[in-house]
Amino acid sequence: MSDESRPPAAGARSEAPVAAVIPAAGRGVRLGPGAPKALRTLGGTPMLIHAVRALAASRAVRLVVVVAPPEGTAEVKSLLDAHALPERTDVLVVPGGSSRQESVRLGLDALPPGHDIVLVHDAARPLVPVDTVDAVIEAVRAGAPAVVPALPLADTVKQVEPAAAPGAPEPVVATPDRSLLRAVQTPQGFDRATLVRAHETVTTDVTDDASMVEQLGERVVTVPGHEEAFKVTRPLDLVLAEAVLARRRLTDGF
Ligand code: C5P
């Protein structure tokens, strides 16, 4: 369904403007040597620009806060100046921290008042389709305090006792029922006050924002994720991302 033809969602937050925080301050060590991951190019355009455009493609998103590598803030600002975004979208750039969690918190600190729904989206997921972004926003607008896009797993998952040395055999201790597991993606969507409270309260290390909201005892729900919202982590992911871009160019002139 196109954005224009979608009926307005019910509820008090149906008109709330949406802000997106994009943590982009990671080094991307697993991708190999080179520039910070978010600044590496896909189809000639930095991954970060793809990610910002993917979120700004949603008409609900009015502000994007990019959390940049601290030493690369000026470079990120000039990159954003050099690439067109929809006129309705404002962009702020702030320096990031030493962990993803800290970078997201610094992005939240920079949010002006008036955006009651916040998305958090990894710069490393540059190709998320706008329909996935809109599905997350709609679920928050419908009343969920936290929403994550999720996909069933293709692989069976084993819980192990981690080996001390890399590559050494690891004893398997359990095989969780795969039908109960989901791989989660971003953007994750939040009622802003709930996400801020989670970042103020939870001090343990986490790998996503929704798990902080879970620790508050608040309800977190999933919506269907998308295979093109994968995270670019290893060199093979860059090959896949280039292939997805090439297919989009062929099929819809993207
Ligand atoms: O390391 P990982 O792949 O989980 O990082 C996910 C996202 O968090 C990436 O977009 C990365 O740039 C960002 N990040 C960050 N600040 C850090 C570490 C990671 O903004 N210190």
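S103 is buried, at a relative accessible area of 3% (buried means under 20%, exposed over 50%, partly exposed in between, with a 1.4 Å probe and protein chains only). The model is predicted, so local features need pLDDT of at least 70 and side-chain atom pairs count only at pLDDT 80 or more, while totals for chains, interfaces and linings use all residues. Residues are numbered from 1 along each chain as its sequence is written, and side-chain values use heavy atoms, with hydrogens and water left out.

**S103**
- S103 is placed in helix α3, residues 100-109 (helices, H or I of at least four residues, and strands, E of at least two, are DSSP runs numbered from the N terminus).
- Apart from neighbours within four places in sequence, S103 is in contact with P23, A25, V67, G96 and G97 (contact means heavy atoms within 4.5 Å).

**Ligand site**
- The ligand is surrounded by 15 residues, of which P23, A25, G26, G97 and S103 are the closest (a residue is near a molecule if one of its heavy atoms lies within 4 Å of it).
- A polar backbone atom of S99 is 3.3 Å from a nitrogen atom of the ligand.
- An oxygen atom of the ligand lies 3.2 Å from a backbone N or O atom of A123.
- For A124, a backbone N or O atom is 3.4 Å from an oxygen atom of the ligand.
- On its own the ligand has 460 Å² of accessible area, and the protein covers 83% of this (areas come from the Shrake-Rupley method with a 1.4 Å probe).
- The largest pocket holds the ligand. A pocket is an open set of points, on a 1 Å grid over the protein atoms alone, where a 1.4 Å probe fits, with protein on both sides within 12 Å along at least five of seven lines; a molecule sits in it if more than half of its atoms lie within 2 Å of its grid points.

**R178**
- R178 is in the loop between β9 (172-174) and β10 (182-184).
- R178 counts as partly exposed because its relative accessibility is 38%.
- Leaving aside neighbours within four places in sequence, R178 is in contact with L153, A154, D155 and T156.
- The side chains of R178 and T156 make a polar contact at 3.4 Å (a pair of N or O atoms within 3.5 Å, one able to donate a hydrogen and the other to accept it; residues adjacent in sequence count only if both atoms are side-chain atoms).
- Between R178 and R105 there are 32 Å, C-alpha to C-alpha, at 73 residues apart in sequence.

**Cis peptide bond**
- Most peptide bonds are trans.
- The bond from T186 to P187 is cis, with omega near 10 degrees.
- P187 lies in the loop between β10 and β11 (188-191).

Definitions and conventions:
On a 1 Å grid over the protein atoms alone, a cavity is a set of points where a 1.4 Å probe fits but cannot get out, and a pocket is an open set with protein on both sides within 12 Å along at least five of seven lines; lining residues have an atom within 4 Å of a point.
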